[in-house]
Amino acid sequence: MTIKLENVGIAVRDLEETIAFFTDLGLTVVGRDTVSGEWTDTAVGLDGNHAKIAMLQTPDGHGQLELFEYIHPDAIETAPTLPNEIGMHRVAFSVDNIDQALEIAAKHGCHPLRGVATYQDIYKLSYVRGPSGIIVMLAEELKKD
């Protein structure tokens, strides 16, 4: 059997706000749709499922996010997750310039949970609280001479 990661799906409060955040970081919208009907009820497991969706892709073409804004049933607001909670944890991106990425995130009102850390002189990284409370890890590989 062959397996391949297709995408990471994230339910969001405001689709346009979330698209703006991720496209400013460098992702590209590769598709948008509004979905409903029996097939979505069956696939997702929710009766009356109706959502606006957008598929975003990283510049290298390997990573995709599928964002959902539910029209029906109503989205359920929960407290933003913490890094140590069980379940979906975060989405991570490599960036060439973490300071620039953090400036872009700040323009969207999204800031690091604590700051920027250096891991073994290999990466500078930071967890950012993104739109709808999504935890986004940004990591810049440190170049060695």
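Rings of Phe, Tyr and Trp (its six-membered ring) pair if their centres lie within 6.5 Å; planes under 30 degrees apart count as stacked, over 60 as edge-to-face and the rest as tilted. With that in hand, welcome to the close-up views. The model is predicted, so to speak of a local feature takes pLDDT of at least 70 and side-chain atom pairs count only at pLDDT 80 or more, while totals for chains, interfaces and linings use all residues. Residues are numbered from 1 along each chain as its sequence is written, and side-chain values use heavy atoms, with hydrogens and water left out.

**View 1. Phe21, Phe22 and Phe93 make up one aromatic cluster.**
Three aromatic pairs turn up in a search of the whole structure. In one of them, the ring centres of Phe21 and Phe22 are 5.0 Å apart and the planes stand at 80 degrees, so this pair is edge-to-face. Phe22 also pairs with Phe93, this time in a tilted arrangement, with 6.0 Å centre to centre and 55 degrees between the planes. Helices (H or I, at least four residues) and strands (E, at least two) are DSSP runs, numbered from the N terminus. Phe21 and Phe22 are both buried, and Phe93 is buried as well. Here buried means under 20% relative accessible area, exposed over 50%, and partly exposed in between (1.4 Å probe, protein chains only).

**View 2. Four strands form an open sheet in the order 5-8-7-6.**
Two strands pair if DSSP finds at least two bridges between them, and the pairing in this sheet is mixed. Which strands are the edge strands? They are strand 5 and strand 6, each pairing on one side only. From one strand to the next, the twist averages 30 degrees. Axes are lines fitted to C-alpha atoms, for helices over the stretch in contact, and angles run from 0 to 180 degrees between N-to-C directions. As background, strands of a sheet pair through backbone hydrogen bonds, either parallel or antiparallel.

**View 3. Strand 5 pairs with strand 8 (residues 135-141) in the parallel sense, over four bridges.**
Ala92 has Met137 of strand 8 as its bridge partner, and Val91 stands opposite Val136 in strand 8. In a regular strand the side chains alternate between the two faces of the sheet. On strand 5, Val91 and Phe93 are on the covered face, while Ala92 and Ser94 are on the uncovered one.

**View 4. Helix 3 (residues 98-107) lies across strand 7 and strand 8.**
The helix runs at about 10 degrees to strand 7. Its buried residues are Ile98, Ala101, Leu102, Ile104 and Ala105. Seen down the axis of helix 3, these residues fall within an arc of 155 degrees, so they line one face of the helix; the arc is that of the directions from the helix axis to the C-beta atoms. The cover over the buried residues of helix 3 includes helix 1, strand 7 and strand 8. Turned away from the buried side is a face with the exposed residues Glu103 and Lys107.

**View 5. Helix 3 has Asn97 at its start and is followed by Gly109.**
At the start of helix 3, a side-chain oxygen of Asn97 comes to within 3.0 Å of the backbone nitrogen of Asp99. Phi of Gly109 is positive, near 75 degrees.

**View 6. Gln120 and Asp121 sit in the loop between strand 6 and strand 7.**
Phi is positive at Gln120, near 45 degrees, in a residue other than glycine. Asp121 likewise has a positive phi, near 55 degrees. Are these residues buried or exposed? Gln120 is exposed, with a relative accessible area of 56%, and Asp121 is exposed too, at 54%.

**View 7. A cis peptide bond joins His72 and Pro73.**
Omega here is about -10 degrees. Pro73 has its place in the loop between strand 4 (64-72) and strand 5 (91-94).

**View 8. Thr40 lies in helix 2 (residues 38-44).**
Thr40 is buried, with a relative accessible area of 1%. Leaving aside neighbours within four places in sequence, Thr40 is in contact (heavy atoms within 4.5 Å) with Val35, Gly45 and Asn49.

Methods: Polar contact = N/O pair within 3.5 Å; in protein donor to acceptor, adjacent residues only side chain to side chain.
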